[in-house]
Amino acid sequence: MATVVDELQISQLDLDGSSIPPIAFESFDLPASNQRILGPPHPPNTPIPLALRPTSADTEVNLDDVIRSVKVLQADGTLTKKLARHGTLLFRNLPIQDAEDFSKFAHAFGYKPHEIIGIVVDRPLLAPNVAPANEAPKEVLIYNHNESPQVPHAPEYIFFYGHRVPTQGGESPISSSLELFNRAQREIPEFIDELAEKGILSKVTYHVEQQFQGGSTLRQAFGKEIQDGDDEDEKRRKIEAQIARYGRGKHTTWEWKDGTLVLTHRLPVIRTQPGTNLPTLFTGLASYWKRTQLDVQARKNVTSQLFGDGTPIPEKYVAHLAKITDEIRVLHRWEKGDVLVFDNVIAQHGREPWQGEQSDRVIQASLFDGEAVPGAYGFGDWAQVVQALD
């Protein structure tokens, strides 16, 4: 791949009354399996991910200087604009050693921490707004998807930090949702037309107990206000109050079955990127289909998806989405200390299985909201998502 000439540099500045050395970030090439030039509608010669590191002149880089530099760059949204173009940024050779360091770096971008409502995986807190990325067994493939496509309230930005990385496997797939839509509109236009017209019905099941290794419980998903002494009626009232925060009205319904909660959301799969209004496929459809192919029985019945009118989605369409994804994705080979930053509206991620022990791969995550949620592509009142109510 040709070198991308791109340097993010700030002059020596006086912040908080003290002079700091400049920190410049230069772009660098990755192996072809880890980086590619994006297709339409991205601008020509746009790589994913855009790989950045402190310049060689910055031989003694400390975390405080990195954080100050990020804040300066973000004063005019420089890094946010890079994310909107490339979808994913890789930061390498940063002095990040643990969850606390990672939290400070992620918060320096100035985004609002995301509150996950209706979480389906277990994410215990490690540092402010930092949790394990996913605790599923190492044999489980997590195919490309946007974060939280099965619920109405999703983060706009995702940070991943490689605290411990395996010697074989465990890559993080990266692909563009904008490119996925562009390809799908040309190759399976009838499917795109149906998605635009109908949206999807996303049915998510929550159990009192953990329903698969690494999964969440009903209380973890919606029970933050529940107290140990609450009776069943009070627990349900508090859970339903959390569901109401989605702000979806009639487009989110639920049913209780012997303590199990089944939520059904009518959601848009096609959304638009803030600032450009370009359509993006915000979805996990290919990921759910991959599960059925791999016979991951423990997770098959957690989420099911239909067209918004309740009719089944033909397998040939989701299989074709997976085919396109295989052709446009790259596999990020982790190095210890790497930080990947995703614009979740336009970029998908995942997780490959790995050899060795479960503990050989420790990736931490931090999720944030943006200033604007994705826009609507269709005309139905179900087609626009909103930020969750406080």
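1. Leaving aside residues up to four places away in sequence, Glu-179 touches Arg-36, Leu-38, Gly-39, Pro-40, Pro-41, His-42 and Ile-328, where contact means heavy atoms within 4.5 Å. The model is a predicted one, in which local features need pLDDT of at least 70, side-chain atom pairs count only at pLDDT 80 or more, and totals for chains, interfaces and linings use all residues. Residues are numbered from 1 along each chain as its sequence is written, and side-chain values use heavy atoms, with hydrogens and water left out.

2. Glu-179 sits in helix α4 (residues 177-187); helices are DSSP runs of H or I with at least four residues, strands are E runs of at least two, and both are numbered from the N terminus. With a relative accessible area of 5%, Glu-179 is buried (buried is under 20%, exposed over 50%, partly exposed in between, using a 1.4 Å probe and protein chains only). Its side chain reaches the backbone nitrogen of Gly-39 at 3.2 Å.

3. Ile-328, one of the residues that Glu-179 touches, is also among the buried residues of α10, together with Tyr-317, Val-318, His-320, Leu-321, Ala-322, Ile-324 and Thr-325. Helix α10 covers residues 315-328, and its 14 residues should span 20 Å at 1.5 Å a residue, which agrees with end C-alpha atoms 20 Å apart. The expected span is 1.5 Å times one less than the number of residues.

4. Pro-40 and Pro-41, both touched by Glu-179, are joined by a cis peptide bond with omega of about 10 degrees. Pro-41 lies in the loop between β5 (36-37) and β6 (47-48). Another cis peptide bond joins Ile-48 and Pro-49, with omega of about -10 degrees, and Pro-49 is in the loop between β6 and β7 (50-54).

5. Most residues other than glycine have a negative phi, and most peptide bonds are trans. Asn-45, though not a glycine, has a positive phi of about 60 degrees; it is in the loop between β5 and β6 and is exposed at 61% relative accessibility. Asn-93 has a positive phi of about 65 degrees, lies in the loop between β8 (88-91) and α3, and is exposed at 52%.

6. Finally, a helix pair: α1 (residues 63-73) and α3 (residues 99-107) pack at about 20 degrees, with axes 9 Å apart. They are therefore roughly parallel (angles under 35 degrees). Leu-63, Val-66, Ile-67 and Val-70 in α1 meet Asp-101, Lys-104 and Phe-105 in α3.

Key. Axes fitted to C-alpha atoms, helices over the stretch in contact; angles between N-to-C directions. Parallel < 35°, antiparallel > 145°, perpendicular 65-115°, else oblique. Polar contact = N/O pair within 3.5 Å; in protein donor to acceptor, adjacent residues only side chain to side chain.
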